[in-house]
Each structure stands twice: as C-alpha cells, then as structure tokens.
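Below is a note for a colleague who is meeting this structure for the first time. Please read the points in order, with the structure open beside them.

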Amino acid sequence: MKRVVAFVLMTMMLLVFTACGGNAPQQGAESNQAETGTPEKKVTLKLWQWRQEIVESLEEVLNEYTKQNPNVTVISERPGGEEYELTVKAMIASGENPDVFAVRAWSQTKEYADAGQVLEFTNEPFMSVVSDFAKETVNIDGKLYGLPMQVDGGGIIYNKKVFEEAGITKPPETISELEQVCEQLKSKGFIPFAVAHKDWWTLRELFSYLHTQTTDLIEFSKAMNVGNESFKNPKIDEAMRVVDIINENCNEKPMDSDYNNACALIAQGKAAMMVQGLWSIPVIERVNPDFDGGFIPVPVSDTAGEARLSADITVVFHIYPESENIEESKKLLEWFTQKETAKLFAEKCGFLPPFENATPPKGGGSVWNDMVVHVEKGNVVPFGYSIWPTGFDAQLGQIMQGYCTGEYDKDQLYKQLDDTWKSFIK
Amino acid sequence: MHINSKKIRDTISFYQFVLPALLVYAMFFLIPLAGGFILSLTDWNGISKELNFIGLKNYLNILDDTRFLNSLKTTLKLTVSFVVIVNVLSLLVAFLLDSELIKSKKRKHFYRGVIFVPHSISLIIVAFIWQFTFTKVYSNLVNELGLGFLDISWFGNSTGAIAAVLIAMIWQSLGYYMVVYVAGLQTIDPNLLEAAEIDGAKGLKKTIYITLPLITSSIIVNLFISIITGFKSFDIVFQMTSGGPNNATNVVALDIYQEAFLTQRYGYGSAKAIILCILVIVLTYFQLKFFKSREVEM
Amino acid sequence: MVKNRLSSLLVEAVAVLICLLFVIPFVFAVINSFKTYPEMMESFIRLPNRLNFENYVKAWTVMKGLRPFINSIIITVFSIIGIVLFSSMAAYKLSRTKDRKSWVIYLIFVFALVVPFHCYMIPLVKLTASLKLTKSYIGIVLIYWGICMPYAIFLQHGFVKSIPYDIEESAVIDGCTPFKTFFFIVFPLMKPIVSTLIVIDVIMIWNDFLLPMLIIFMDRSLRTVPLVQYNLYGEYNNEWNTALAAMVLAVVPCVIFFIFMQKYIVRGITSGSVKG
C-alpha cells in the first residue's frame with residue numbers, strides 16, 4: 001500500500017514538474033530586437049481565422065506588423081481546422097480569450113453580436129475606409145460590428161487558354177450562349193465544366209449564385225419566415241437550366257469529384273469553366289502558377305447583360321470584448337486598413353479588402369479585376385447563405401446533391417427546400 | 001464480532017481499490033455529462049452568456065424532427081451492416097489465423113500484426129486514405145487492369161457511399177475484433193476440444209457446437225463494442241462524405257454535431273445526444289442480457 | 001499427410017491474400033507520398049520515378065522539430081500509467097466483489113461507453129478551465145484518466161473472472177494484505193489484457209485531435225503531433241502527396257509501438273497459473 005501511494009505521489013510530482021516546464025512561454029524569434037529608448041510593454045495578440053490556404057501567408061503579413069511595432073507579436077492560429085466554429089465556441093465558453101478572431105458576415109456576425117461576444121466598431125476611425133456595401137454586411141440594428149476584410153466573388157471562373165484553343169472569342173452572357181460554348185468545347189475535346197458535387201458546399205455556391213440573382217434576398221427571407229414565399233418561381237426555373245447544362249457537360253463521375261479535383265482540372269487546362277468563388281484561385285495556382293483566368297457572372301436568362309456576379313464579404317475580423325489587449329488589437333486592425341497593408345494582403349493572401357484604397361490581388365489572370373468592374377458598377381448580389389437561416393445551407397447542399405443524382409426533379413427540389421427552411425425557423 | 005470486522009475491512013478495501021478510478025471518472029466525465037444534460041433543458045445557442053431554461057421542449061421537438069429520425073434510420077442501417085460483417089469476418093480471420101494449419105507461430109503473429117495495423121491509424125487519416133483510394137486509386141487501377149466496367153462511382157449514390165464508409169470502418173477495426181476473438185480462442189482448454197473430437201464432433205460441427213459457445217464472452221464483448229461504435233460513428237463519415245450524397249450517410253452523430261455547432265441550437269443538439277445515449281443503452285442492455293444467459297463460465 | 005500439407009498451404013495463401021488486401025490502401029498512400037505533384041496527377045497508381053523526399057521534408061518542417069513528439073509521448077505515457085493503475089485496481093475489486101453496490105458501480109462506469117464525446121465536451125472544457133487545468137500536461141492527463149476509465153474497466157472486468165480464485169485465497173490465508181495480493185499475484189496474471197489495453201489506449205491518445213485542440217492547443221509548446229499536422233490535410237487542400245507524407249509520419253510511431261507490443265498481447269493464459 002505504501003508503495004502504491006509513493007508511486008502515485010511520485011507520478012503526480014513528475015507531472016507537476018513537467019507541467020511547469022510546459023507552461024514556460026515560448027520565446028518567439030521576433031520582438032527581442034533593437035533596444036529603443038523607452039522600453040515598451042511586450043504584447044502578444046492572438047488572432048484566429050479558418051482559411052487553410054492563407055495559414056502561412058498570413059503569418060508573413062503579420063510579421064510585417066511586428067517589424068513595424070517590435071513590441072507586439074501577433075500569433076495567428078487556425079483552431080480546430082475543419083471544425084473551426086465548434087472550436088471557437090468551445091474555447092470562448094471555457095474562457096479562452098482570443099484578441100482578434102474572424103467569422104463570417106451577416107448572420108454569423110449577428111449571432112456573436114447578439115451574444116455580446118464582439119466589440120462594436122461604429123465609431124472607430126478605421127471603419128471610415130470601409131465601403132458602404134461592406135458596412136451593410138456588419139450592420140446589426142444600426143451598429144457596426146467587426147472589420148470586413150475580404151470581398152469574395154462567386155461566378156464562373158474560366159480558363160482563358162482553353163477558350164482560346166477552342167476558338168471561343170466571347171465568354172457566354174446568356175444561357176443559350178452557354179450551351180453553345182459547351183458544345184464547342186466538347187467538340188475540341190475539353191471538359192466544359194469542372195464540378196465537385198461530392199462537396200455539398202460547391203452546390204450551395206452554385207444554387208446561391210443563381211438564386212440571389214432571381215430574387216431580392218432580404219425580402220425573400222422575410223417572406224419565407226412568415227410562410228408567404230416558396231423557392232418555386234419561374235425565374236429560378238429558368239435559371240435551373242444552367243444546372244442541367246452543367247450536369248450534362250461536366251467531368252465524369254461528378255459525384256466522386258471534390259473541390260480539389262475540380263480546381264486541378266481547370267488548372268491543368270482539361271476543363272474550361274468552374275462555378276466557384278475566387279477563394280479557389282490560390283488552390284488553382286498551386287497546380288498551375290501561370291493560370292490565366294477570367295471571371296464572369298453565371299447567366300440566369302437569355303437576355304444579355306442581365307447576369308450579375310455574386311460578391312459579398314466573407315471574412316470579418318472582430319475583437320473579443322474581454323480581451324486584455326483591446327487597444328493594441330484596434331491598432332492592429334487600423335494597420336490592416338492602411339493602403340500598404342491592403343496591398344500586402346492582396347499580394348500574399350489573395351485578399352481583396354473592401355476598402356477605398358485597396359488594390360485587387362494580381363493572381364489568376366484577370367479574375368480580380370473582372371470582379372472589381374462589376375462591384376464598382378454596383379452590379380452584384382450577395383451570397384445566399386449570408387442571409388439564409390444558419391444551417392440551411394448544409395441541407396441545401398445535400399438536397400442539390402439529390403437533384404444532381406436524379407433523385408429529385410425540380411418541383412421536388414423546391415418543395416424540399418421549402419420544407420427544410422420551415423424546419424430551421426421553428 | 002469477528003465477522004463484522006471482516007465485513008468492515010472488506011468494504012474499506014473495496015473502496016480503496018475503486019475510489020481513485022471513480023473519482024477521476026466522476027470529475028471529468030459524470031459532472032460534464034450532467035452539465036450536458038442540463039444544457040439540453042435550455043435553448044442555449046453555444047455562445048450567448050445567458051441560459052434560458054425551457055424544460056423538456058427540446059425533447060418534444062425531436063419527435064417532429066424528420067432529419068433526426070431519418071438519421072436514426074441511416075445509423076441503424078449502417079450499424080447493423082457493420083456489426084454483422086465485421087464480427088463474421090473477424091471471427092473467420094481469427095479462426096484462420098489461429099488454425100493449427102499455419103505451423104509457424106512467428107508468421108501467425110506477423111499476419112495478425114498486419115491486419116491490426118490499420119487500427120493504429122487515426123480515423124481522420126483512415127477516412128482520407130480511403131477517400132483518396134475510392135476516388136483516385138480505384139479508378140486508375142481498374143482501368144489499367146482492363147476492368148473498366150468496375151469503374152463505378154462510389155459516392156454517386158447512397159449504396160456506394162454507405163459501402164465506402166463501411167469498408168473504411170471495417171478495414172480500420174477488423175484487427176481489433178480479431179484480436180479479441182483470438183484471445184478467446186486461445187483460452188479454450190485444448191483438452192476440451194480433444195474430448196469433443198473423440199466423442200465424434202468434427203470440423204464444422206465442432207466449431208458451431210463446441211468452439212463458439214466457449215468463446216461467448218468474446219462474442220459478447222465484440223458485439224457490445226461494435227454496436228456502440230456503429231451508433232457513435234462520426235469521424236469517418238464527417239471526413240469522407242459529410243453525410244452525403246443527399247443525406248444518404250447522415251448518421252445521428254453528424255446530425256447532432258450540425259445541430260449543436262452549425263445551427264446555433266446547442267441545447268437542442270444536446271437533447272438529441274442524450275436520446276441517442278438512451279437508445280444505445282436500451283439496445284445494449286437487451287444484447288447483453290440475451291448473450292449473458294448463454295455464457296459458459298469456467 | 002499430403003492432404004494436411006495442401007490444406008496448410010491453402011490456409012496460408014488465404015492469409016497472405018487477406019494481408020495484401022489490408023495493406024493495399026496503405027501501399028498506395030506511401031507510393032504517392034514520394035511523388036511530386038505533377039507526377040501524382042498523372043497517375044495515382046504508378047510508382048514514382050524516384051524516391052522524392054521533399055514531401056517528407058515539408059511535413060517535418062511543419063512540425064518544427066521533435067517537440068510535438070515529446071509532448072505526445074509525455075501525455076500518452078502519463079495517461080497510460082494512471083489509467084492502467086486505477087482501472088486494474090477497480091476492475092479487479094469490482095469483479096471479485098459480487099454484491100449489489102459492485103454491480104451498480106460497474107454499470108455506472110460502463111454506461112459511459114455509449115456517450116459520444118460531443119455530448120459533454122463543452123461542459124468538460126469549461127470545468128477544466130475553471131480548475132485552471134487547461135494548457136498543462138496535468139489537465140489533459142487527468143481528463144484522459146477520467147474518460148478512458150470506462151473502457152479500461154470494461155475490458156479487464158471480464159478477464160479477471162477467468163483468473164481462478166484459489167491463488168488469491170492461499171495468499172490471503174498466508175496473510176497477504178489485499179493490496180499485496182493484487183499487485184504481486186493477480187496483476188502479473190493480467191498481462192495479456194493489460195497489454196491489449198495499453199496498445200488500444202496508446203493509439204487512441206496518440207491520435208486524439210479534438211480534446212487536445214480544446215485543452216492544450218493555445219500553448220504552442222505543448223502541442224501534440226496531430227495538433228501540428230492538421231493544417232496539411234483537409235477539405236481545401238489538394239496537395240495529397242504532402243498530406244500523405246505527413247500522415248505516414250504521424251502513423252509510424254504507433255505502428256512501431258504496436259509491433260513492439262505484439263508479443264505481449266495475445267499470449268493466452270499459459271501454463272502455471274491455470275491449473276493450481
């Protein structure tokens with residue numbers, strides 16, 4: 001018995017010692033540099049975001065900040081990886097405070113704002129460079145919460161080289177033109193559309209880009225919430241022709257193909273078009289650094305010039321109200337809004353911040369400039385899932401999969417969507 | 001007097017042995033679980049600072065939740081297939097690899113080792129490897145072998161998707177169940193088997209009427225664990241199919257996860273989780289009772 | 001005689017075939033981990049032109065040295081010590097004591113097996129944080145002690161029944177205290193099941209992602225192997241060759257450990273202790 005007690009005690013002691021060792025703060029390579037006249041307090045800021053593609057490039061950008069402000073180290077993390085939202089919620093629930101963290105705009109920001117978990121920015125000076133359309137996405141009952149950081153666009157990304165080789169001189173503007181372009185591509189041995197039906201969220205994108213062009217999203221949502229609307233209407237019926245065209249003109253085994261595969265196909269020049277957001281450009285470029293792409297809206301009718309690009313704020317940086325470094329965090333966000341920093345974000349992370357002085361990233365050919373043209377004309381629509389009830393989009397993706405495998409026809413699709421919407425607002 | 005003090009000593013000894021385990025367990029499992037149960041009585045959304053008690057409303061809502069009920073059906077389908085296939089296969093493999101027909105003990109251990117190795121891989125990696133295999137390697141392979149007609153779409157329909165998930169799950173865990181069966185087979189007194197053979201029981205008869213009953217405890221353990229594993233399965237489905245296509249592989253654990261963390265209805269998700277636990281408890285209670293009565297004690 | 005020989009060969013052939021089937025996905029994963037990206041996109045099943053180690057180098061650099069391995073080892077080892085110690089004691093006593101309270105306590109332990117982690121995850125993290133045990137080895141080790149206890153007890157409870165009681169009886173008559181009896185007589189006989197338990201739990205703890213993510217992630221110096229690697233694989237990453245290399249690295253320690261432990265696991269109860 002004594003032996004056992006001794007053994008257990010020893011184990012506990014060992015644990016305590018190693019735990020103490022483990023808790024020693026990690027000394028970063030930065031922030032121990034030149035001795036300046038006034039010794040400033042060393043600050044470490046914790047920044048959380050979910051995008052896998054920018055994990056390394058974001059670190060580079062933040063190192064720049066430390067170079068300019070040697071007493072501040074910003075550590076960026078991607079907690080939970082695929083399970084980012086779960087992890088953030090669990091960490092906050094357990095009292096783990098980030099300083100700056102990213103969530104989506106619209107309903108996600110609202111969720112956190114209602115719970116008092118993010119700081120209000122209405123009167124912050126750095127918000128003045130944010131474009132009005134971006135401000136709308138973080139406007140909760142007249143107050144602004146969070147710094148919108150990224151404008152993403154959704155539409156058809158096309159490989160210019162493939163179009164050239166197939167003899168296509170003008171990107172399609174109507175559904176009929178789209179059909180013709182597909183025929184031409186097929187005859188030259190190209191896959192017209194690279195699809196990724198295995199990943200439900202790509203179908204959410206597709207449906208969203210069509211849906212928000214055919215209805216006023218906010219009015220639609222309000223009406224759906226009181227049961228006065230339905231997904232079924234003649235405009236979306238027309239627009240769904242595009243989905244059929246895509247399904248008839250895509251790579252083989254669409255249901256087995258995932259996002260990575262689709263990006264690879266268009267990058268390699270095997271496929272000509274992909275319905276996707278511009279966040280996919282870094283992924284495409286990893287396969288083909290010289291990718292030359294163009295960006296056009298998804299047509300929803302046979303009238304030229306009617307199609308509108310989807311563009312929305314996808315990343316918003318918030319400050320956690322109980323962070324110990326609110327002033328420093330605000331300084332960091334202020335630095336984000338500076339012209340040089342916006343350039344840095346564009347260069348390294350492929351970001352297009354919604355600031356007046358921002359320059360679009362250069363990657364992927366002319367895709368970003370194509371998008372900016374539409375945004376400046378005001379010719380854009382938001383992403384559906386910004387306003388749809390939370391969680392609805394996941395089910396929509398599943399239902400669309402059912403449509404693509406032929407399990408549902410159009411009317412059943414609409415009914416499924418209507419019923420699902422109802423179940424989310426209960 | 002003498003007997004009384006023995007009883008007291010025995011009780012003290014009992015708690016000396018059991019209490020450490022019980023304390024850690026209570027602290028880091030029972031208490032959080034109670035917390036989870038309390039949360040299921042609220043409409044907490046995961047991040048708000050206040051708790052709003054709504055009693056059993058969440059549980060009543062479950063009855064109308066078609067997605068949840070469907071996910072129960074899917075989980076049942078998956079679990080039954082999994083339990084049957086994995087136990088039959090692992091039993092067969094256990095017999096095979098315990099057979100006297102393989103002379104070298106070293107080789108026996110080697111084969112068992114190879115089959116067990118997948119179990120040392122984390123489920124996320126297993127899902128990734130199999131997804132890679134089903135969507136890329138399989139296609140290349142059958143085409144190069146000239147078996148183009150076998151080039152099916154695994155994730156294009158519900159059967160294929162469920163089969164894919166099952167294959168990954170079975171590959172990962174077969175070795176484990178096999179090990180339990182082998183251990184059971186090795187505890188059988190060879191004299192008993194000899195005696196049975198002398199009495200005329202040979203081959204298949206011997207296996208069914210003598211060997212199987214003698215390893216009932218192994219069967220009980222494996223059935224118990226495989227049923228629980230089947231019902232709780234999450235990681236492989238999450239990684240491989242996200243519940244698709246069109247909710248064909250939307251298992252209960254996935255539905256709970258989406259409800260609790262993606263739909264801002266953590267309280268409701270907790271309630272569903274509690275219901276899942278109750279269902280599995282009931283199921284395994286009957287399973288254990290059924291097989292306990294057939295157990296042969298040494 | 002010949003028939004026996006033939007059967008032997010047949011049986012072994014089947015065994016080898018099954019093993020090959022089992023190894024195939026792994027083989028392809030390893031093959032592709034040695035390819036460059038263009039090579040891999042060309043064909044997923046052909047052998048690489050040469051053994052390209054750059055993916056492994058990249059995977060290794062991401063881990064920033066041996067620290068994650070050390071962390072994983074420390075956490076795993078201390079967790080196992082506590083789990084084995086407390087669970088074997090408890091399982092033994094619960095199995096030997098055949099009264100009501102023993103059965104009830106056993107059920108209380110075993111019922112945990114059906115509970116999915118998400119059920120109690122957030123309250124657990126909250127509790128650990130309020131005890132100031134997050135971001136420390138102690139915290140996560142204690143949690144593993146708590147949540148791995150049910151399975152460990154379940155596994156050993158049945159096994160203890162198969163150890164004949166007469167040896168203990170004689171020890172008690174000889175004047176051994178209950179603890180002495182357990183640790184010097186019974187525990188050594190539990191080697192097969194304890195070895196099995198150790199392998200299962202080592203694998204589980206080594207590969208665990210979510211719990212360490214919630215408890216120790218925020219302290220970079222404490223991160224375990226899964227926590228430093230997860231950025232390499234995921235839905236949005238198409239560099240499978242790098243991801244596969246990272247996976248091979250992650251898997252190798254467990255596999256080696258298992259191979260090493262193999263000989264302890266399925267040794268049935270050998271002679272000496274069974275017949276009195």
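1. Read from one end of its sequence to the other, chain B follows the pattern α-α-α-α-α-α-α-α-α-α-α-α, and its secondary structure amounts to 12 helices and zero strands. Helices (H or I, at least four residues) and strands (E, at least two) are DSSP runs, numbered from the N terminus.

2. This is a predicted model, in which local features need pLDDT of at least 70 and side-chain atom pairs count only at pLDDT 80 or more, while totals for chains, interfaces and linings use all residues. Residues are numbered from 1 along each chain as its sequence is written, and chains are lettered from A and ligands numbered from 1 in the order in which they are written.

3. On confidence, chain B has a mean pLDDT of 85, with 97% of its residues at 70 or more; pLDDT is the predictor's confidence in each residue, from 0 to 100. Where pLDDT is low, the predicted coordinates should not be read in detail.

4. The C-alpha trace of chain B spans about 85 × 70 × 30 Å along its principal axes. Of its 298 residues, 50% count as buried, where buried stands for 20 or more other C-beta atoms within 10 Å of a residue's own, exposed for 12 or fewer, and partly exposed for values in between, with C-beta atoms placed from the backbone. Of the contacts in chain B with a separation of 6 or more, 74% are between residues 24 or more positions apart; two residues are in contact if their C-beta atoms, placed from the backbone, lie within 7 Å.

5. Helix 4 (residues 105–116) of chain B passes a check of its length, because its 12 residues should span 16 Å at 1.5 Å a residue and its end C-alpha atoms are 16 Å apart. The expected span is 1.5 Å times one less than the number of residues. The buried residues of helix 4 of chain B are Tyr111(B), Arg112(B), Val114(B), Ile115(B) and Phe116(B).

6. Chain A has 18 helices and 11 strands. Its radius of gyration is 24 Å, close to the 22 Å that the globule rule gives for 426 residues, so chain A is as compact as a globular protein of that length; the radius is taken over C-alpha atoms, and the rule is 2.2 Å times the number of residues to the power 0.38. Buried residues make up 51% of chain A, and the C-alpha trace spans about 75 × 55 × 45 Å along its principal axes.

7. Val195(A) sits in the loop between strand 7 (191–193) and helix 8 (200–214) of chain A, and counts as buried because it has 31 C-beta neighbours inside 10 Å. Leaving aside neighbours within four places in sequence, its contacts include Ile246(A), Cys250(A) and Pro254(A).

8. Two backbone angles deserve a second look. Most residues other than glycine have a negative phi, but Lys253(A) has a positive phi near 50 degrees and Asn247(B) one of about 60 degrees. Lys253(A), in the loop between helix 10 (234–248) and helix 11 (259–267) of chain A, is partly exposed, with 19 C-beta neighbours inside 10 Å. Asn247(B), in the loop between helix 10 (235–240) and helix 11 (252–262) of chain B, is buried, with 25 other C-beta atoms within 10 Å.

9. Where chains C and B meet, 68 residues of chain C are in contact with 71 residues of chain B. Helix 1 of chain C gives the largest share of the chain C side, 13 residues. That side divides into 53 nonpolar, 13 polar and two charged residues, counting Ala, Val, Leu, Ile, Met, Phe, Trp, Tyr, Cys and Pro as nonpolar, Asp, Glu, Lys and Arg as charged, and the others, Gly among them, as polar.

10. Phe209(C) lies in the loop between helix 10 (191–207) and helix 11 (210–215) of chain C, and is buried, with 21 other C-beta atoms within 10 Å. Not counting residues up to four places away in sequence, Phe209(C) touches Ile124(B), Pro226(C) and Tyr230(C).
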